[in-house]
Amino acid sequence: MDLPSPPARTLLTRALRLRCPVCGGGPVVLRWFSLVDSCPSCGLHLDRDEPGYWIGSYTVNLFLTEGVFAVALVAGLALTWPDVPWRLLTGCCLVLTLSFPALAFPFTKLLYLAIDLAFRPPEGHDLFTPHERGMVNKGARELGS
Ligand SMILES: [Zn+2]
């Protein structure tokens with residue numbers, strides 16, 4: 001079974017909606033800091049079966065955080081120049097820089113997956129047959145008895 005290869009814009013849009021970038025299905029976010037192993041709709045393995053795959057998402061998160069920090073700092077300077085409230089600006093930038101990575105966490109994971117899928121379209125080995133968790137144990141028990 002082949003997975004569709006949507007255009008990059010579609011991949012990124014679906015990722016920003018916290019949906020599977022390939023099929024738009026979901027939900028793929030279990031809790032704010034954890035994703036499902038595979039898409040419940042198309043079966044795409046979200047980590048593409050590669051150890052350390054999510055390191056790339058941390059890079060995306062870091063770049064976005066740096067960008068948000070730069071925009072906040074420049075906006076703060078531009079809006080208050082020449083009487084810049086340095087302590088307030090520093091405090092706001094600090095809070096923003098410390099909280100943004102957590103707030104953007106699932107978005108950056110799925111954005112990284114979308115970027116990766118744009119350059120390396122999904123292949124057969126990225127598929128995982130969707131099943132209910134209990135079915136694996138039930139099948140093993142039936143084989144053992
Ligand atoms: Zn999917």
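At what angle do helix 2 and helix 3 pack, and how far apart are their axes? The angle is about 160°, and the axes of the two helices sit 9 Å apart. Keep in mind that what you're looking at is a predicted model. Here's a quick tour, from the overall layout down to the two helix pairs.

**The overall layout**
- The protein has 5 helices and 2 strands.
- If you walk along the sequence, those elements come in the order α-β-β-α-α-α-α.
- There are 145 residues in the protein, and 18% of them count as buried.
- Take the contacts between residues at least 6 apart in sequence: 58% of these join residues at least 24 apart.

**The nonpolar core**
- The largest nonpolar core holds 15 residues.
- Ala15, Cys39, Leu46, Leu113 and Ala114 are the ones with the most contacts inside this core.
- Two elements, helix 1 (8-16) and helix 4 (105-119), each give two or more residues to this core.
- Helix 4 is the top contributor to the core, with 6 residues.
- Leaving out residues up to four places away in sequence, Leu113 touches Ala15, Pro21 and Leu46.

**Helix 1 with helix 4**
- Helix 1 and helix 4 pack at an angle of about 165°, and their axes are 8 Å apart.
- An angle over 145 degrees counts as roughly antiparallel, so helix 1 is roughly antiparallel to helix 4.
- On the helix 1 side, Ala8, Leu11, Leu12, Ala15 and Leu16 make the contact.
- On the helix 4 side, look for Phe107, Leu110, Leu111, Leu113, Ala114, Leu117 and Ala118.
- The crossing of helix 1 and helix 4 is right-handed.

**Helix 2 with helix 3**
- Back to the opening pair: helix 2 covers residues 55-80, and its angle to helix 3 is about 160°.
- That angle makes helix 2 roughly antiparallel to helix 3.
- Helix 2 brings Asn61, Thr65, Val68, Phe69, Ala72, Leu73 and Gly76 to the contact.
- Helix 3 answers with Leu89, Cys92, Cys93, Leu96, Thr97, Phe100 and Pro101.
- Helix 2 and helix 3 also cross in a right-handed way.

**A closer look at helix 3**
- Helix 3 runs over residues 86-103, which is 18 residues.
- At 1.5 Å a residue, helix 3 should span 26 Å, and its end C-alpha atoms are 25 Å apart, so the two values agree.
- Is helix 3 tucked away or in the open? The number of its residues that are buried is 0, so helix 3 lies largely in the open.

Conventions. Residues numbered from 1 in each chain as written. Predicted model: local features only at pLDDT ≥ 70, side-chain atom pairs only at ≥ 80, totals over all residues. Helix = DSSP H or I, 4+ residues; strand = E, 2+ residues; numbered from the N terminus. Buried ≥ 20, exposed ≤ 12 C-beta atoms within 10 Å, placed from the backbone. Contact = placed C-beta atoms within 7 Å. Core = buried A, V, L, I, M, F, W, Y, C linked by C-beta atoms within 7 Å. Expected span 1.5 Å × (residues − 1). Axes fitted to C-alpha atoms, helices over the stretch in contact; angles between N-to-C directions. Parallel < 35°, antiparallel > 145°, perpendicular 65-115°, else oblique. Left-handed = near helix turned anticlockwise from the far one by under 90°.
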